Structures are given as structure tokens and as C-alpha cells.
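Dear colleague,

Here is the structure for your files. My notes on the interface and the metal site follow below.

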Amino acid sequence: MQGTPTDIATRHLAETSRWKPMEFVFWLVAFGAIWLLPSHHLILNEILITALFAMSLDLILGYAGIASLGHAAFFGFGAYFAGIFAIRVIGDPLTGLVLATLASGALGFITSFLVLRGVDLARLMVTLGVALVLGEIANKMTWLTGGADGLQGVMMGPVLGLFEFDLYGRTAYVYSLVVTFLLFLMARRIVVSPFGLSLRTIRDNPLRARAIGIPVNRRLIAVYTLAAAYAGAAGALLAQTTQFVSLDVIALHRSADVLLMLVIGGTGYLYGGFAGAIVFKVLQEVISNWTPQYWTFWIGLILVILVLIGRERMNHRAAVLWARLRGKPEPRPRTIVGGH
Amino acid sequence: MSAALETVGLQKRFGGIVATDDVTFRLEPGARHALIGPNGAGKTTFVNLLTGVLQPSAGTIRLHGEDISAMAPERRVKRGLVRTFQINQLFAGMTPLETLGVAVSERMGHGYEFWRPAGSKSAVIDEIVEIATRFKLVDVLEERTASLPYGKQRLLEIALAFACQPRVLLLDEPAAGVPEAERHDLLATVAALPRDVSVLLIEHDMDLVFSFAERISVLVNGALFTEGTVSEIANDPRVRAVYLGESLDG
Ligand SMILES: Nc1ncnc2c1ncn2[C@@H]1O[C@H](COP(=O)(O)OP(=O)(O)OP(=O)(O)O)[C@@H](O)[C@H]1O
Ligand SMILES: [Mg+2]
């Protein structure tokens, strides 16, 4: 620690917003996969969309402390919106994506007032309830959504009028990757802003946040709306790149899975969704190949262990071990972009 | 001139308990006022009512003449009514730097800025450093709050209120848990606030109360028992009986 307190303060605050080497590596690999893993674009596209969805949950859970068991409401809404828009209006992907994102944000804004009313358990139930209600609406409005048969006949035009979606998922992956990357950049800026910091005070202690003048409810409405828009974008990407929407997009298990992924990957640093989605998908493939019936058993076991042992302690231990191997001083617990 | 902070017939019931019983109270502009009373007298409840953490069952609260009885807590803060907590209320996962920074940013109206990194405004940084220096927090600015020693957390608790630039400051037992030697320093920092800041101090340590306050109110069983200058209260046999006597025995 050197310099005047002002230097230290400036440096410390700048440090939380500066890119870490691992982040560059991560995005280089993600973009490199366009050329290096051509035969895996379909599954990579799926992972990426799930990761974006999980990141949207991280915005409310990891940064503002709102647990949701119904986040698929927005994912599903975005998916149906994009699918129906392509069928009934135009098949241009970007127009559909932008409108689906905005519409999901609007839905998030409206439902945020319900979520705000309660605390913890009540909130969890309200998020669950909203998703169940929307799921049933999608099921019943067969004329619009196709109901249990799914939404058939989604035909997407080329991205930017240039890139047709192909059978190998190359356009799909590039399209999802660019969109996810842009949304990630935006989220990353937001979480280290004064607004983002104020969310973390709400997560840690809403009582004190109010006592230092932070309008807690309004901030929560803002971030809930944002997270809903992000989830809607992920849903729209799924609808557009697979050209199909089924009730599965809004089902309870999708809300539960995304929460699980985020817990596996870790909350409050934006990459948890990516890590969780990758680990989840890989585990799913490996375990299902080995013993198809017991996939949920193993993922459940992993979840219990993670929650009981605590991610932070595990990460810290891993960091300590890493430092020992490299003969460096042991690190203090710390993460990439704030959070814990 | 209107009082800095004033209550009329303020009451709070918790089921059968009357925790605040018809309290009519005035805090003068620039006051150095202490509120004392035995454990469970309702001092913290009174502060909770003033700051909007709790809604009163009856009565009115006025801040600089304006009725704030139904105003949201954060809007009272924007009007200069700031408190500290008897039990630390901090942001465990954040550093003191971020904690103070968020309060200063918010006060300066940057709370909705989402496109600019926190800490890119030098006015904010300067103020964080100034407050951290005053409260001896400079060497722990980058630590996680949860891992700070209790004494530092206590200082951060008070510093955080200062970061909100109070016009009326309510301190709920600020020296609780602070080592004897540092208590007077802490209170000196409070006393050094500009004279136009009005301070209400809740404190059990009578030495501190007598050295800090110019007026003292005594709360017993939720009701105002008496009020007066320091010497009036110090020499009031009834106060000795209900309060000082008790604390001397204990
Ligand atoms: N949320 C609540 N629900 C029910 N009763 C409460 C609540 N808060 C406080 N009380 C009761 O109100 C009374 C006053 O409590 P309060 O904490 O205001 O006292 P205090 O004067 O601050 O005491 P101390 O000196 O110990 O801090 C107590 O009898 C307490 O049990
Ligand atoms: Mg108290």
C-alpha cells in the first residue's frame, strides 16, 4: 500500500472496474470457438443463452439480494414474444430481439411492484406465482402460442439481412455471442457504477441502505426491470436461433435450473452464470452418458454440498492452494467484480 | 424559530406494550442534547419513529417545521435527518471505501448514474478520504467490512452517518463497545460538528453525557420523565432514583 490515502482510494475503486486477465481469456476463448469448435456451435449456443439467462438472475440475486423462483417468466415471455413476432410481423432477428427485450423489461417493471411487497419467502412465492400464472396463460392461449404443441412455423430472416441461420448453428452461435457480449459489457459497467454499488448496499443491509438515503424500492424496481429485460433477451435468442418455442421455456424447472446454475457458478460477479451454465451442461452430458436415470440425483448432491460447504470457503481454499503451489503469499478472500 | 426536530404526542404500541408514550419533545437548532433512560425505556424505539423505521401509532413528527410523520425513511435522510444504530448496521461484503463512497455519491445525487465507474469523481474521493481520516479508517479502507475489528466497525458506523452530511444527527449509544480511552475522542469528533448541526445523543455513560450535552431529557417507560440543563438533571433526586441510582447500583 503506497501513496496518499487519495491515491489508494482512487486506485481501489478503479481496480474493481478494471478487467482482469482471466476475463480477457474467457472472451477470447468464447470468440475463438467460432473458428475452433465448428462442430459444437449448436450446444455452445445453448450454453451461451443459458448463461445470459443466469447472468440476468445474478443481477437481482447476486447484486440486489432478490431470490427468484420464477425468473423463467421473463425468459419465456421473451421467447414467445420473439417467436410470435417473427410469425405475425416480420422475421428480422434484431427487430424482434430488441422488441422482445423491451417488452420483457416492461413485464418486469409491472411485476416488480408485486415482488417488492414482501420479504424473502413472500418474494420467492410471488416470483414463483407470476411464472406459474404466465405459464398457464401460454398453455391456454393455444391460438397464439400453440399451447402444448409449441409454437410452430417460426421463420427467421437473415441477421442484418446478411447472415442466414444455418443447420450447424454457426450463425446462431455468433449472433448469440455478440448479443451476450454486448449485454455483458453493459451489465459490467452498471455493477461498478454508483447505481451498482447502491444495489450491493441493499443486498447487504436494506435497513441501513435506507438510513443513508438510498431509495431502496426504486432501485429494486430498476434492477428487476433490467434483469427481466436481460432474461427476455436470452429467451428471444433461444426462440430465434432454434426457431421453435415450447411451454418448456417458462416451466418451473427452468427457473429452478437457472438458480441452481448460478449457485454452482457463484453469485455477484457476473461470470457465475457462465461458469454455472458450462458446468451444468458438461455434468449433464457426462452423467447422463454414464447413468441416465440418476442425473438429477447427482446434480442435487452437488448442490447440497456446495451450499453446505459454502462457495466462498471453497474458492478461498482453492486460491490458497494455488498461491502455495506458486510460492506466493496467501491471498485474502476477494473476487473479480466486487461482490463476494 | 421552528425546532430542528419536534414531536407532538408521539406514541408507539407493540401489542400491549406502549414503547413510546405520548412524547412531546423539541430539539433546538444547534442543540447538543442527550436522551437518557434505563434499559428498555424506549430510546431506540423513539429514534426508529423519528427516522421512519417504525410508523407511529399516533402523533406528529416535524423536521425544521415540516411534517415528516408519514415520509419514507430515505426522504428524511435527504432532508438532513441522519442516525446511527445501537447495533452496527453495516454492509458486510463491502469495503469501508465503498461504504462511505456510496453514501457520499448518494448524497451528491449520483445514485442513479449507472454508466460511470464509482469513484471517478474526485469530489467524492476527497470527501471519503476526509471522513476516513477523521474517523481513523484510512488504514482499513480496502478491507472487507465483515473482517474489520469491532472498534473499526463502530467507527465506520458513525462515519457513515457523517458521510450523509446531517443537519440533525441522532446517535444511538455511539460509544457502546468503544474502549474507554477512545470514547472521548469519538465524542469530540461529534462535538466538533458545525454549530448548525443539531445532535441528539443517546448514551448510558454519564461522564460522556455530562461532558457533551447542554440539555438532557430522561425517558422512563416510554414517557418523557423530565428535561433540563445538565446541572438540573444531575441534581434531580427523582432522576437519581429512577436512573442514576439504578446504574450506580448495577
Ligand atoms: N419491534 C418490537 N416489537 C415488540 N416490542 C418491541 C419492539 N421494539 C422494542 N420493543 C419493546 O419496546 C421497549 C423499548 O425498547 P427500546 O429498544 O426502544 O429500549 P431502549 O431504551 O433503546 O433500551 P436500551 O437502553 O436497552 O437500548 C422494550 O420493552 C422492548 O422490548
Ligand atoms: Mg436502545
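How many residues of chain A are in contact with chain B? There are 40, and they touch 42 residues of chain B; contact here means heavy atoms within 4.5 Å.

This is a predicted model, in which local features need pLDDT of at least 70 and side-chain atom pairs count only at pLDDT 80 or more, while totals for chains, interfaces and linings use all residues. Residues are numbered from 1 along each chain as its sequence is written, chains are lettered from A and ligands numbered from 1 in the order in which they are written, and side-chain values use heavy atoms, with hydrogens and water left out.

Interface

About 3800 Å² is buried between chain A and chain B, with carbon and sulfur atoms giving 63% of that area. Buried area is the accessible area (1.4 Å probe) that two parts lose on being put together, summed over both.

The rule finds three salt bridges across the interface (a side-chain nitrogen of Lys or Arg within 4 Å of a carboxyl oxygen of Asp or Glu). One of them joins B:Glu157 and A:Arg208, at 2.6 Å from N to O.

Metal site

B:Thr44 (OG1) and B:Gln86 (OE1) coordinate the magnesium ion (ligand 2) at 1.9 to 2.1 Å. Donors are N, O and S atoms within 2.8 Å of the metal (3.2 Å for Na, K and Ca); water is not among the atoms, so sites may look incomplete.

B:Thr44 has a relative accessible area of 27% and B:Gln86 one of 31%. Both count as partly exposed, between buried (under 20%) and exposed (over 50%), with a 1.4 Å probe and protein chains only.

Regards
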